[in-house]
Amino acid sequence: MHKKQKLAQKTEKTTENTIKKYNLLSKKDKILVACSGGKDSTTILHILKKLKYNVEAITVDAVIGNYTKENLENIKEFCKKHKIKLHIISFREEFGFSLCYIRSILKKKNINLTSCTICGVLRRYLLNKYSKKLNAAKLVTGHNLNDEAQGVIMNLLKNNLELLARQGPSTGISKNKNFVQRVKPLYFVSEKDIADYSKKMNFPVNYAPCPCRKGVYRCLINKLLTEHEQKNPGTHKNIIKWLLSISPILKKKFTTTKKQKLCANCREPSQQKLCMACKILSKIR
Ligand code: SF4
Ligand SMILES: [Zn+2]
């Protein structure tokens, strides 16, 4: 068998094993896949469809110029070809503004949040809101082994053990009916293997990074870990193995019996009176 074909089979098998081992998905459930138009989410959407899960795709357009325009076209083309229902949500329709505009208004008010922080908060907010609206049992994301290892190191360096406790193949500490559980079937697949899979399958995918990503903390950690991986193969896997070995202790420590609160404005889950999304939006309106 051709080397590339073997590698593609290995990626599919690793994904399937992760789903089974961590009981991530059921074929009876409606599953939404959060698609960005990048290689990771397109790969997981393809594998889940191939494994005959009941999948639909959802994409949140943050309106980042040609970058998101091209991504959107790619997702549409992919979903059309594979007969997958696609739900398109847009920052402009939901909030009235693009990500860049939201960031510039905040900056003028001396609120210096990175594009990724704003994008992450608003995107998570919309994905959870629409996953509930669309009655999805699970929300699948394209997070891979490298993303997760970077997240572990970032949370460690910031001494944020609660966020560390939330990491894992399925996100969160305990079940919360106001959150649609997010799961990561590509948890044990490396970024490189996903890129090879996506190229082998000729997916319509933009491999260029998002133009807003420059200079963010995650890029620094990515560079560090990539260099480490080259000198010490297995670095990313070892970080994940460590996380999974201490995860039960961390989850126990941060499990709360307190009633889960809802945002006073939007009724989405929130630890404070207003959720982060509403706080950001209140500054720009
Ligand atoms: S890199 Fe940052 S700004 Fe760009 S899409 Fe991802 S989270 Fe949003
Ligand atoms: Zn809110």
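**Close-up views of a predicted model**

**View 1. Strands β4 and β5 side by side.** Strand β4 (residues 138-140) pairs with β5 in the parallel sense over three bridges; strands here are DSSP runs of E of at least two residues, and helices runs of H or I of at least four, numbered from the N terminus. Pairing requires at least two DSSP bridges between two strands. Look for Leu139, whose bridge partner in β5 is Arg182. This is a predicted model, where local features need pLDDT of at least 70, side-chain atom pairs count only at pLDDT 80 or more, and totals for chains, interfaces and linings use all residues. Residues are numbered from 1 along each chain as its sequence is written, while chains are lettered from A and ligands numbered from 1 in the order in which they are written.

**View 2. The whole sheet.** Five strands form an open sheet with parallel pairing, in the order β3-β2-β1-β4-β5. β3 (86-90) and β5 (181-183) each have a single partner strand, so one side of each is left without a neighbour in the sheet.

**View 3. Helix α2 and its cover.** Ten of the twelve residues of α2 are buried, meaning that 20 or more other C-beta atoms, placed from the backbone, lie within 10 Å of a residue's own. Among them you will find Ile44, Leu45 and His46. Just after α2, Lys52 takes a positive phi of about 70°.

**View 4. Around ligand 1.** The residues surrounding ligand 1 include Cys116, Cys119, Cys210 and Cys212, as well as Arg213; each has its C-beta atom, placed from the backbone, within 6 Å of the ligand.
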